[in-house]
Structures are given as structure tokens and as C-alpha cells.
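Let's walk through this model together, one region at a time. Have the sequence and the coordinates open as you read.

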Amino acid sequence: MSGPILAIESSCDDSCAAVLGGDGVVLSNIISSQGIHNRYGGVVPEIAARQHLQLLTPAIEAALSQAQVTLADLDRVAVTQGPGLIGALLVGVAQAKAIAAARGLPLVAVDHLQGHVAANFIGLEPFEPPFICLIASGGHTLLARVEDHSSYLLLGETLDDAAGEAFDKGARMLGLPFPGGPALQALAADGDDESFQFPVARNVEGCNFSFAGVKTSLLYAIRDLGEEEAEARRADLAASYQKAIVDALVERLTKALDASGLDRVAIGGGVAANGLLRSRITALGAVCHIPEISLCTDNAAMIASAARYLDDCSPQQALTLDAYPSGTRR
Amino acid sequence: MTPGVVLAFDTATAATVVGVSVNGEVVSQLADRPEVDERPRHAERLLSLCEQALSEAGKGWADVERLGVGVGPGTFTGLRIGIATTRGLQQACGAQAIAVSSLEALALPARIANPDSRVAAVLDARRSEAFVACWDANGALVVPPQAVGPERLAAAIGADEPEVLAVGDGAVLFRGSLEEASIAVPNADSPLHHISAASLCQLAASGEPSDPRRLMPDYVRRADAEITLENRLSNGG
Ligand SMILES: [Zn+2]
């Protein structure tokens with residue numbers, strides 16, 4: 001069995017470092033969330049990059065000390081190469097490269113989305129392929145067919161907003177603070193999800209998603225109701241809005257399952273915390289795996305997990321590794 | 001006491017500049033300088049140049065006693081790559097980290113060559129601004145690093161002083177307004193306009209080590225979003 005892996009993840013607004021044992025067990029999983037973006041109503045790339053520079057060093061130190069290992073005990077160093085905010089990614093990439101180079105450790109470059117998939121392989125009882133994986137967060141929404149541990153086949157993705165982004169924007173329209181997912185879910189609990197019919201974007205082809213329409217519909221509904229009425233019916237609006245987003249996710253997931261003939265499902269990304277989504281997916285009758293929430297949201301343990309099944313960079317690649325931004329895929 | 005092996009680098013400008021000195025003698029100087037219309041290559045080049053410079057010096061990572069890093073002001077992403085690299089190296093090999101002002105490194109050779117002049121280091125800060133700092137003939141920092149527009153640049157440097165020299169890509173860019181105020185700017189191809197590896201090594205050797213956790217860029221400018229938010233709040237919006 002190989003030794004522990006140190007992983008660094010800085011693709012968005014969480015400064016993460018983790019140590020994963022060679023057996024796939026999490027020895028530490030440090031997530032420093034940059035609460036600072038709340039006041040801007042969304043993640044500001046330049047501020048995220050500045051925060052990473054401050055937060056990553058202590059996160060790495062904490063990950064090592066919690067795991068009770070030193071750099072001398074490590075087998076490899078893994079880092080998220082992309083996709084994500086380029087300035088944010090580069091902080092993690094630079095630091096990981098430097099640690100690996102100066103310690104003579106192999107470096108593994110990990111695709112962030114492969115990391116979300118690999119969150120399912122963590123622990124002594126990993127969820128084994130094949131399965132269909134739904135990843136939904138503030139930054140991405142996609143469906144993948146997972147046949148092995150080191151890759152996935154993209155079945156569909158969002159054509160505009162991510163599901164978590166739709167939650168955040170809807171929450172904002174309803175006067176809720178950022179990040180909007182949890183607040184919107186809480187408000188929806190007191191509402192009637194049948195009271196408004198928001199579109200589910202069924203006309204989008206294949207297993208792709210679109211959340212621009214539902215967002216606009218909420219905006220119009222609030223406007224048509226007028227300020228007072230909209231205020232009085234916030235819970236109904238939230239419940240109907242949440243239902244439309246979850247319907248869109250579950251319908252596409254069902255379609256992917258039917259087309260693949262598989263009956264195994266995993267979910268990841270921050271939206272996996274949504275109670276309605278969880279109960280609807282569990283009710284599908286498929287074998288369902290949902291990693292604990294600290295492994296669903298952005299974290300470095302999932303990056304280390306992906307690295308277990310990936311090749312090391314060549315020494316030359318390890319020195320010259322660059323990050324790649326959102327909208328690109330390797 | 002002169003430290004043994006110093007590895008120093010700067011990523012504040014489009015260039016990636018790396019040097020190694022051993023017992024005060026600069027033994028390797030390397031630089032990657034993109035053309036005017038090319039993007040900086042800090043991420044791809046910094047570590048390779050460091051390894052190359054160390055190997056030219058016959059040294060390895062474990063030999064490094066001091067890490068000097070240019071902390072700007074300059075390009076935000078470049079500065080972060082330099083500092084994150086320093087932090088990683090510091091964690092991995094335990095060397096002391098020293099924050100070096102990129103403007104001070106830029107000014108140093110001009111100050112040595114022109115001991116009777118006031119010297120300004122001027123970097124192109126984009127958005128029609130320059131990052132500037134200025135030292136008088138006695139070596140005192142008389143204008144601390146700041147961002148100024150071309151209309152205020154000459155006055156900020158001190159145009160009424162007898163002998164003033166300005167160096168850096170910003171000095172070349174704003175040559176017109178500087179020369180109008182009798183501030184001398186060397187020819188565009190002068191090496192004085194580049195941050196030199198030797199200066200970085202020298203300043204790193206003599207500087208005070210800093211707590212690597214506190215090692216941060218001298219951004220000078222706040223993030224745009226911070227300014228926008230502050231304006232909105234102060235307008236009661
Ligand atoms: Zn993610």
C-alpha cells in the first residue's frame with residue numbers, strides 16, 4: 001500500500017487542504033470558507049485569490065498536523081489544476097508545485113470535476129463504478145457516467161447558470177443572504193410548492209440543463225405580485241422555485257439512468273445538501289450514494305482521492321504546470 | 001553576516017526573474033521576458049528557472065538558506081504566484097523568506113550608477129497608471145510605493161529636484177510627461193529598466209526575514225469590488 005497524499009484545492013472560494021491515507025481514508029480535511037464574499041452577493045475572483053494566499057498556508061499546516069504526518073511521510077502531492085477561477089487556482093498550483101519540487105515528491109494534477117466524482121471512492125467502503133454521477137454546485141451542474149476510477153463520460157451539463165447559482169440568485173430576489181441555498185430551503189419549508197408553476201426547461205436537449213428560464217420566471221412572478229403580495233408569499237415562491245430546480249435535476253438524472261441501464265447513482269457538489277433533492281433521489285429506487293456533506297462541497301480530500309487513481313506528472317510537467325480556467329476541460 | 005545560498009525571484013512584471021547568490025556573490029541570473037504583446041509565463045517558468053539557477057550554482061533546494069521574493073507592487077496574479085511559490089518552498093525546505101520590494105530592486109542599479117541623483121522606479125500599472133517609488137541621493141525612501149496617473153507622476157517623483165532619474169517600463173511608457181518635467185529616462189533598451197536578479201539577491205541577503213504566513217503582496221491597489229462596495233455603502237445605497 002502506498003503512503004499518504006497531501007492535496008490542495010483552491011478553484012473557487014474555499015481554501016482547502018487534506019491528507020488522505022494510502023487506503024483512501026481521510027486523515028484530515030481542512031476547509032477554510034471565505035465568508036468575505038457574502039457582502040458582495042457572490043464570489044469576487046480577485047478577492048478569492050487574495051484570500052487563498054492568506055488561508056492556504058495555515059490550511060496546509062493544519063491538514064498535516066491533524067493527520068499527524070510531516071512532508072517527509074508523504075507519497076505524493078495533488079492539486080486542482082482546473083477548471084475554476086484562474087487567479088484562485090494559480091495560488092494552490094504554485095504552492096503545491098513548490099512543495100513537491102523542493103521535497104522531490106511526485107505531483108498529481110487533478111481536474112476539479114474528477115475530484116467531485118472521486119469523492120465517492122473515499123473511505124474503506126468506496127462506492128464502486130459503474131454509476132451515474134450528478135454534480136451540482138454553485139459553479140457546475142453536470143451528469144456523468146462513471147465506468148472506472150480515473151475518468152468519466154460527460155452526459156450533460158448546464159447551458160447557462162449552475163443549479164447552485166440558480167438557488168443563490170433566487171434567494172437574492174427573495175431578499176435572502178448569500179449563499180442562498182440553505183436559506184431558500186428553510187424558507188421553502190413553510191411554503192406550498194404547487195402555488196407557482198416555474199419552468200423546468202424540458203425542451204433542452206439530451207441530458208443538458210438550463211436554469212436561466214426559472215430564474216427569469218421568478219423575477220416576473222415577484223414583479224407581477226407586487227411588493228406587498230410577493231413579501232406575503234415568499235415561502236410559496238421559494239417552495240415552487242426550489243421544486244422547479246430539483247425537478248429539472250431529477251428528471252435529467254432519471255433520463256440518464258434509463259438510457260444507461262444502470263441503477264446506481266451518486267451525487268456531489270454543494271446542492272447535494274438540499275433535503276428535497278436528497279429525498280427525491282433516494283425515492284428513485286436506485287442504489288444511491290451521497291458522500292457526507294464535507295466531501296460533497298469543494299474540498300481537498302476528493303482531490304487526493306482522484307489522485308490515487310491518476311498518473312504522476314512527469315518531472316518537467318511538475319515544474320511547468322499551469323492552471324486552466326472555467327469553461328475548459330482536460 | 002552574509003547568508004550562504006540565496007535564491008531570489010520576482011514576478012511583479014511580465015518578466016520572470018530568478019537569481020542565486022552564494023556567500024554574497026551572484027552566481028546565476030536568469031530571466032524570461034515575454035514580448036510586449038505576450039502574456040506573462042510566471043506559472044510555467046518560475047520553478048524551472050529556480051531549478052536551473054540552483055543547478056548552475058551547483059546547489060539544490062536543501063542548500064537554500066534564504067528565499068527572496070519580490071512582493072510588488074505589480075501584476076496581482078504574478079505576485080501571488082511568486083509568494084505562493086515562496087510559501088511552498090519555505091514549508092518544504094525551511095529557508096527564511098524575505099520580502100523584497102520590486103520597486104526597490106528596480107531602482108537599485110540606477111541608484112548605484114547615479115549616486116548623486118534622486119531615482120524613481122516606475123512600473124506600468126495598466127489602466128493609465130504607474131506604480132512608483134522614489135529614493136533621494138542619500139538613499140532615503142522619499143516616495144513610498146503608490147499608484148499614480150501620468151498627470152501626477154512627475155510631481156509625485158519630485159520634478160523640482162536638481163537631478164532626477166526614472167527607470168522601469170512605466171518610465172518608458174510615460175517618458176513624455178517625465179522629460180517635460182526634466183526627469184531623465186534612459187533609452188528604452190537600457191537594462192536599468194528591468195528588475196535584475198542581482199539586485200533581488202542583494203536585497204534578499206540584507207533584508208529582514210518575515211513570518212512566511214504574513215508574507216503578502218504589496219498590492220497598493222485594492223480590489224475593484226472593494227472600492228465599488230465601499231462607494232455604494234457610503235452613498236447610503
Ligand atoms: Zn466544485
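Contact here means heavy atoms within 4.5 Å, while helices (H or I, at least four residues) and strands (E, at least two) are DSSP runs numbered from the N terminus. The helix spans residues 163-173, and its buried residues are A:A163, A:G164, A:A166, A:F167, A:D168, A:G170 and A:A171. Buried stands for under 20% relative accessible area, exposed for over 50%, and partly exposed for what lies in between (1.4 Å probe, protein chains only). Just after α4(A), A:G175 adopts a positive phi of about 75 degrees.

Before going on, a word on conventions. This is a predicted model, in which local features need pLDDT of at least 70 and side-chain atom pairs count only at pLDDT 80 or more, whereas totals for chains, interfaces and linings use all residues. Residues are numbered from 1 along each chain as its sequence is written, chains are lettered from A and ligands numbered from 1 in the order in which they are written, and side-chain values use heavy atoms, leaving out hydrogens and water.

Now turn to strand β1 (residues 5-9) of chain A. Five of its five residues are buried, so the strand is largely enclosed by the rest of the structure. A:I5, A:A7 and A:E9 lie on one side, with A:L6 and A:I8 on the other. In a regular strand the side chains alternate between the two faces of the sheet. Strands pair if DSSP finds at least two bridges between them. Five bridges join β1(A) to the antiparallel β2 (residues 14-20) of chain A, with A:A7 opposite A:A18. Four bridges join β1(A) to the parallel β4 (residues 76-82) of chain A, where A:L6 stands opposite A:V77.

Finally, which protein donors does the zinc ion have? They are A:H112 (NE2), A:H116 (NE2), A:H140 (NE2) and A:D298 (OD), lying 2.1 to 2.3 Å from the ion. Donors are N, O and S atoms within 2.8 Å of the metal (3.2 Å for Na, K and Ca); water is not among the atoms, so sites may look incomplete. Along the chain, the donors follow the spacing H-x3-H-x23-H-x157-D. A:H116 in helix α3 (residues 112-118) and A:D298 in the loop between α9 (293-296) and α10 (301-307) of chain A are 182 residues apart. A:H116 counts as buried at 1% relative accessibility, and A:D298 does at 12%.
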